[in-house]
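Please prepare a short report on the structure shown below.

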Amino acid sequence: MTKKFKQELLQNFKTAKSLNRRDFIYSMGASLGSVALAGMASQKAVASEAAAGPLSVKQPHLPPKAKNCIFLMMEGGPSHIDTFDPKPALHDLHLQRFNRKNEMASAMETGTRYYVESPWDARQVGQGGAWMTEPWKHLAEVADDICFYRGCQAESVNHPTAMYHMNTGNRFGGDPAVGSWVTYGLGSENQDLPGFIVLPELSYPQGGSPNWGNGYLPAHFQGTPLRPKGTPILDLKPPAGITPEHQRENLNLLSCFNHDHLEEHPWQNDLEARMTNYELAFRMQMQVPGILDIDQEDEKTKELYGIGNDDTESFGRKLLLARRLVEKGVRFVQAYTGGWDSHDYIERAHGARIKSIDKPIAGLIKDLKARGMLDDTLIVWCGEFGRSPDNGFRQGGEAYGRDHNAKAMTMWLAGGGVNAGHTIGATDEIGSEAVDVVHPIRDVHVTLLHLLGLDDNRLTYFSGGRFKQLSQFGGKVIPELIA
Amino acid sequence: MIYPFKITLKQFVAGQLFALAFLLSVPAWGADDYTDAEKLFALKVKPLLKQKCFSCHNDEDLKGDLVMTSLEDMLLGGESSDEVLIPGDGENSLMYISTTWTLEDYEMPPKEADKLSEEQTWLIRDWITAGSPWPSDEDQAIIAEKYAEGIVVQTSGGLDDDWTNRRYEEKDLWAYQPIADPTPPARSKRAHPVDAFIDDKLYDLGLSPAKLADRRTLIRRATFDLIGLPPTPEEVNDFVRDRSSDDKAFAKVVDRLLDDPRYGEQWGRHWLDVVRYADSAGFANDYERPGAWRYRDYVIRAFNQDKPFDQFIMEQVAGDEWKPDDPEALLATGFLRMGSWEHTSMTVARITRQQYLDDVTDIVGQTFLSHPLQCARCHDHKVDPIPTKDFYRIQSVFATTQFADREIPFQENETITGFDEKEVMEKRLSYFDNIHKTLNAKEAAAVKEWCEKHGIPNKPRAQLAKQGIPDEKLPPRSLGLTSEDIGVRKVGGMVVKRTKFEMNKFEPFAHSVVSGLSPEVPPLSGKMVAMPGDPMSEGEMEMSYIRISGDPFAQGPKVTPGVFSALPDSNDVLEKNDFNSIPETVEGRRLAFAKWLANPKNVLVPRSMVNRVWTYHFSKGIVDTPNNFGAMGGKPSHPELLDYLASRFVESDWSVKDLHRLIMSSNAYRRSTEYKHRDRLAEKDPTAKSYAVFKPRRLSGEEIRDSMLYVSGELNPLVGGLPALPEINMDVALQPRQVMGSFAASYEPAQTPEARNRRSIYAKKVRGLRNPFMEVFNQPSPDESCEFRQSSTVTPQVFSLFNGEDSLHRSIATAIDLLENNKSRKSVVEALFLRAYGRKPARSDRNLALDHWEQMEKRHEGLSFEPREFPREVTRSAVEEMTGASFEFKERLFAFEDYQADPGLADVDAETRALADLCLVVFNSNEFVYVY
């Protein structure tokens, strides 16, 4: 905002305020009436919000650039060097030895080390000229929808603590996840589904479910994992052999008992909430399986996501489901895919990982675009940290892999409000450390919230004696990431 | 950001500024003759600006191109307005408007947490309206000296003098005042002392208390309260028919319940919530903690024995130093290792050690002092008189505390049955060991062949490398193994290691500590930590320093062990005495600290505990924030009552049971939840702090499950023992869990119903594998101290309780038991209501129930159910991190090879199943899960 514009705003505010004051003084009766009316209306709004439940849609703090978020979590720490931040300088350094001593290093990282070059060449793609290594085929087609960011630094080189940090803003876990904060701040469009849904791998990531926990926020904002096998939501269905009609009979009797009980305790509000909850659960039980059934999609769409191909089937299904959920009004979807912890054989290991997500992610972006949903949806791609340009000895020998690296990584954003077609920030010549537009994880969090219309400083919850926030103690928006 | 126009702006207004500045710098005659506005500024406005504004708007930072540290700068305005401050017009000065948060994009300070109160914004407005005088620093100091309100609190000293000398409002210091021993107000001489305090306030509010609850309601309330289970129909009957006075009859009930061993299970659970009990260590490996369960049982015993609370503190904080030969005291020190913690080859020693020290410092504060100390880790406490120095002084008490898994023989008072799991674990061990060995042999054979072929001695690779044979001439790694072999071997090897470690829980180890020098690096997780040979000579003396901004690597000034210095008589910097000083020796730091905690002179500890006990009884604290008595916490609704109870508590030799008796014998505890004039109550007591009426509560997850088991007759009353393994949702039980380089074994329930159907307090609590039933019913995560449980209503609760297998099996078991013990359907229904609700069914209830039973029986007659099947193995698929290739391996589930299942739908007839439907409805009903 320019200073002039701000001055104008301020002047308008003052005029409005003095008008109000005059109105109030000169026509007290009428004003009082309207004030009282306004008061009642806002009370009603409060009451209806309470009745609608804790997930009811709330006003964002700022004009939002995106309404929903799909967060793609690459567990294990994808290598920036072998994906989106190529380092040709490593070619000449390949296998050169050096010693590392660092008080901040773990036992794994110290001792004699050697540099490792990437097994792949890279090329520039799209109008924006983003860098991608060879294995990326499909993502190159949507490169101009993506804003790559090379400046983020994590603080931990240990998987679970780094995962907690990226997911909750707190390395030691126990705090609310980003998705919990977003649903707490914005509510969710669909009251019959959880507002924050997680699509984990069959095996949970290191650190487990606290990665999507609600922490000190009320339980409604907890991430609900949809399991890739078995029943998607725990105990969504009654025991085998019990039909909905059968269950309805039980529900009817329950409702009778509960009504009688409520008459004895008419002041106990929780009782009614609990009764409503049984009806909601019954509706969900009927509807959710349909929403989750991606076989309702046409073949062309499925092909777009790589469904039907062994390599891409698993992540493709997750992303197609993510789109369906967002379409149904779910606020925040987080999809996991693991196996990025390539300490060895990076060509095979990262090669296979990239292959498994390349087409599905490109498919998701294309699909959202075609449906006019991309502008409303923020897509985030990241891991918990990046990887080192060097490696330690494994089983007494050299290994073409990489260690963990908190100081450098690549993440990217696509969709609503992001500075698409640009690469922001940079790492040093060998990719060991971010050197330009460097920000800690909390600033990335603040930026994500900002894009979704939330102000981290105002999105607070009183707990343990103070107002807590996602960034812990405040952070900065990274303006370069925003269009 | 840098604004190039800043300079020109300054030049532009310079002319006006002089005039203004001149006008404002009217000398203050006689140095003492200050105007109200000057005083307002020096005493109120300046401290506020300093606290809320200066950190961004100073001449180095220049946020919004605005400097606020001097009047001249403020008059210059900032990026968005020249009218930040219009002397004489507070209403229209942006400085005031922005603090009201009514103008969009101008909200200041920008963080909601820092937002000013309305009164604070008025201070700013009025100061500006009064001409915004800004006396010199010297004058400000004189004004502060002469007129300052508020109280300076003597502490060990802040990081700067401003903090050290800052003033506190009296109301925020209530917790640091000596505990008074007030006489109960004498409005009615016969009143119970608790009621005297409560009713006194009630009358002031113009409210009359609710009538007493009827006996049926009261016994259900007291029974759930003290033992976490419903009363039996006989117990209800005895109490209802007891001819003695209400007071006497109820006192008998309370005494009986306090003598019940299940009392310790219920109240031990509350304590374990506060100290964050779990059976596993969390983080990447989430290893089970072999001796943790013995601490859990120690807590339960302590409550059952009514161990004086001062001793309870001493044992948990310093049992090893206080009574080194008392096994009980050694087990108690498990408290000091309850936080999640891990050190691996991927973590940094300095960080993990500091993480432990920070954690133990904070939890000691929350648990005993009702002060989260964590806030003072990075800076002097923003609102409470806790300097950072105190945080690190208290931390220094624990700087010589080292982990030790001591061998302490199982005691007579410990339960050591339930070692059935050992057999299952042994089978698992040998299964994976075999896999591992087979694959090793496969590789060895291939290597042997290769070596022979290449003429190299057949030795391990690393040895050959040492002999100087170049890498390319060595046998390739993992020779002869497929990618799948590599993955399976690795996973198998890790499972073996893990299982061997976790089997230490069958051995008499205690999760305890020892005082000694610090090892160079903390012990690696996944290994038992042996007692050091000589803790006084191995390792180095760990010095304690303030860590600047909480950074483990930023070493600030050195500190010596100390206590919370703001408490009465506790400031050893001011005056050292026996009460407040902690020795700097390796041993004895914790003992001295524990003595300071458990001394009646410590004003926080007794208040903290009586408030906790009160909170659990009334679902509401005298102080609403049991873990926080600081300025950000709640204020006591009945401060005299709190002190009265604290005094009685100490006087009764810290007897928690006496405290229960005192509280529960009051009318306040025995009041009905019903109230005739609800509107009036809501109007006079909007925050529900009057205790005019008793507050109903929803049962905790543990109470719901235990009550179902109790009603069905399945609950095994055994007290204590190894972590129990109830059935949990099978999808979750078999859910693969990643740990470093491998998977944790599946959760396998115990093989017999008796072993499974233990009270929930005994269920194994794994941080990374929470029982979803408990989780949805608000069982807190063990990562944070829980002062009081939430009881939210969320949809997954319905799925768990209405669809889940646990409630289904409890319903079937209840149905079987009811049919066995009753002749007619009518009496079955009656018995069900008595057991579950503590009352007979009304006629309408009975008819509804009987009709439902009949109707459901008809449905069930046409239905057949498959017997439950238990998996004998699961297939895990994983990505080999070295190769990126997927591989699969099979995990055998040995528990299910010889498994006694609870009766399921397929095992009972239509009549029983239909009755089970009725039982399920009862278990789901509001009357079952609420206590009044």
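In this predicted model, the axes of helix 32 (residues 805-821) of chain B and helix 35 of chain B come within 8 Å and cross at roughly 120°. That angle makes helix 32 of chain B oblique to helix 35 of chain B, and the crossing is right-handed. On the side of helix 32 of chain B, the contact is made by B:S807, B:L808, B:R810, B:S811, B:I812, B:T814, B:A815, B:I816, B:L818 and B:L819. Helix 35 of chain B contributes B:T912, B:L915, B:A916, B:C919, B:L920 and B:F923. By residue class, this contact divides into 11 nonpolar, 4 polar and 1 charged.

Helix 35 of chain B also packs with helix 34 of chain B, their axes coming within 8 Å and crossing at roughly 130°. Angles over 145 degrees would count as roughly antiparallel and those from 65 to 115 as roughly perpendicular, so helix 34 of chain B and helix 35 of chain B are oblique to each other. Helix 34 of chain B passes helix 35 of chain B in a right-handed crossing. The residues in contact are B:A849, B:H852, B:W853, B:M856, B:E857, B:H860 and B:E861 from helix 34 of chain B, with B:A910, B:E911, B:R913, B:A914, B:L915, B:D917 and B:L918 from helix 35 of chain B. They divide into 7 nonpolar, 2 polar and 5 charged.

| Helix pair (chain B) | Axes come within | Crossing angle |
|---|---|---|
| Helix 32 and helix 35 | 8 Å | roughly 120° |
| Helix 34 and helix 35 | 8 Å | roughly 130° |

Two other helices of chain B can be described by their length and burial. Helix 20 (residues 483-502) of chain B has 20 residues and reaches 29 Å from its first C-alpha to its last, close to the 28 Å expected. Its buried residues include B:G487, B:V488, B:R489, B:K490 and B:V491. The buried residues of helix 20 of chain B pack against helix 18 (420-454), strand 9 (742-744), strand 10 (873-879) and strand 11 (886-892) of chain B.

Helix 27 (residues 701-712) of chain B has 12 residues that should span 16 Å at 1.5 Å a residue, and its end C-alpha atoms are 17 Å apart, which agrees. Helix 27 of chain B is mostly covered, with 12 of its 12 residues buried. Among them are the charged residues B:E702, B:E703, B:R705 and B:D706. Just after helix 27 of chain B, B:G713 takes a positive phi of about 80°.

For chain B overall, there are 36 helices and 12 strands. Of its 932 residues, 51% count as buried. The C-alpha atoms of chain B fill a box of roughly 95 × 95 × 55 Å along the principal axes. Of the contacts in chain B with a separation of 6 or more, 71% are between residues 24 or more positions apart.

Note on methods:
Residues numbered from 1 in each chain as written. Chains lettered and ligands numbered in written order. Predicted model: local features only at pLDDT ≥ 70, side-chain atom pairs only at ≥ 80, totals over all residues. Helix = DSSP H or I, 4+ residues; strand = E, 2+ residues; numbered from the N terminus. Expected span 1.5 Å × (residues − 1). Buried ≥ 20, exposed ≤ 12 C-beta atoms within 10 Å, placed from the backbone. Contact = placed C-beta atoms within 7 Å. Axes fitted to C-alpha atoms, helices over the stretch in contact; angles between N-to-C directions. Parallel < 35°, antiparallel > 145°, perpendicular 65-115°, else oblique. Left-handed = near helix turned anticlockwise from the far one by under 90°.
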